[in-house]
Amino acid sequence: MQRYRIALVGGDHIGPEVVAEGRRVLAAFEREGVCRFEWQEYPWGAGHYLRTGAAMDADAIDRLRGCDAIYFGAHGDPARVPEHVTGQGMLHRFRKELGLFVNLRPARLLPGVASPLREPGDIDLQIVRENTEGEYSGMGGRLHVGTPLELGMQAIVVTRAGAERTIRFAFELARTRRRQLTCVTKGSALGQVMGVWVDVFAELAAEYPDVQSERVNVDAMAMYLLARPAAYDVIVASNLMGDILSDLTAGIVGGIGLAASANLDPTRRNPSLFEPIHGSAPDIAGQGIANPIAAIRAAALMLDWLGEREASQRIDAAIAEVLAEGTVRTRDLGGTAATTKMTDAVLDKLGTVDS
Ligand code: IPM
Ligand code: MG
């Protein structure tokens, strides 16, 4: 039986709560004899920073390299720790130093889930977000801190190789779907960096004549995604633009309580990282009311990447059934169900219980 070594970084507040639910679902496949998981837990995050002065251990990245995948919860304690400590200091380091250059964010409107849009149509799209550079290069700094001369500067960096590997992934993904790719840009204002991005896009479009491709400015894209989201298939965007648009697409298909993402190293040299796209939500932490579906879906994305496609599809199907029935719903979906009850419902559809 295949064994997978999974690094578990639950993080802060609801992070550990929701990944515990994902683990319950993964355990169902161990009981069935499909595969086994060896978990290595790391206590990193804002809490670790408050305890030790560092969000994670100095050798954290090297320790992660030895695993098959990373299952990540959510990080941050904004009332007590500056947000960049865990954002840039932890999550972005994972993404950059492990070369997780694709952040894949599926958005699909399932039966039983209410969209805030009046006529959402059949939304089924995937955002491919560049994940290691762009607006998030982290290059820059602050000067004359706390004085009237204070300056903050951060560079936007688009490399040809960085754009190429991400956009190529998006074209390949489009080939497995409806063969449509939309490239998000803002050439009118960011002509230098986006110039590289759109040149690479145009070159690759010529290599993939079977994929219908177009270029759209990010501001217009935000409007089109509200006006006609069902028209889109695969969308490729720079780091920050993909970040913003993927919260928008999560919002129109049921909210961030349902949205998962895969941070991938398509070369498979390093372990990829799977996480819900929501944050640590301190306001609802410790009450047992967070929606575990995003984290469970992240677990499904992880199984798919590990090659356990059937198990992954079974989780997605179980979630779809639970949502279509609509009898068990957490608060974000307009219900009253506890976190664990939502997972129980998914396990029930998988035909298993864990207690
Ligand atoms: C995300 C998050 C992070 C990001 C934050 C928490 C730094 O919003 O993964 O979408 O923008 O990279
Ligand atoms: Mg985000």
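**Contacts and salt bridges in a predicted model**

Q: In this predicted model, a polar side-chain atom of Tyr136 lies 2.7 Å from an oxygen atom of ligand 1; what makes this a polar contact?

A: A polar contact is a pair of N or O atoms within 3.5 Å (within protein, one must be able to donate a hydrogen and the other to accept it, and residues adjacent in sequence count only if both atoms are side-chain atoms). The 2.7 Å between Tyr136 and the ligand oxygen is within that limit, so the pair counts. Arg129, at 2.9 Å from an oxygen atom of ligand 1, and Asp243, at 2.8 Å, also have side-chain N or O atoms that qualify.

This is a predicted model, in which local features need pLDDT of at least 70 and side-chain atom pairs count only at pLDDT 80 or more, while totals for chains, interfaces and linings use all residues. Residues are numbered from 1 along each chain as its sequence is written, chains are lettered from A and ligands numbered from 1 in the order in which they are written, and side-chain values use heavy atoms, with hydrogens and water left out.

Q: Why is the pair Glu21 and Arg24 called a salt bridge?

A: The term requires a side-chain nitrogen of Lys or Arg within 4 Å of a carboxyl oxygen of Asp or Glu. The closest N and O atoms of Glu21 and Arg24 are 2.8 Å apart, so the pair meets the rule. Both residues lie in helix H1 (residues 14-31), three residues apart, about one turn of the helix; helices (H or I, at least four residues) and strands (E, at least two) are DSSP runs, numbered from the N terminus.

Q: How do you know whether Glu21 and Arg24 are buried or exposed?

A: Buried means under 20% relative accessible area, exposed over 50%, and partly exposed in between (1.4 Å probe, protein chains only). Glu21 has 7% and Arg24 has 16%, so both are buried.

Q: What makes the salt bridge of Arg314 and Glu32 a tie between parts of the chain?

A: Their side chains meet at 2.9 Å, N to O. Arg314 lies in helix H10 (residues 309-325) and Glu32 in the loop between H1 and strand S2 (36-41), so the pair ties together parts that are 282 residues apart in sequence. Arg314, at 26% relative accessibility, is partly exposed, and Glu32, at 41%, is partly exposed too.
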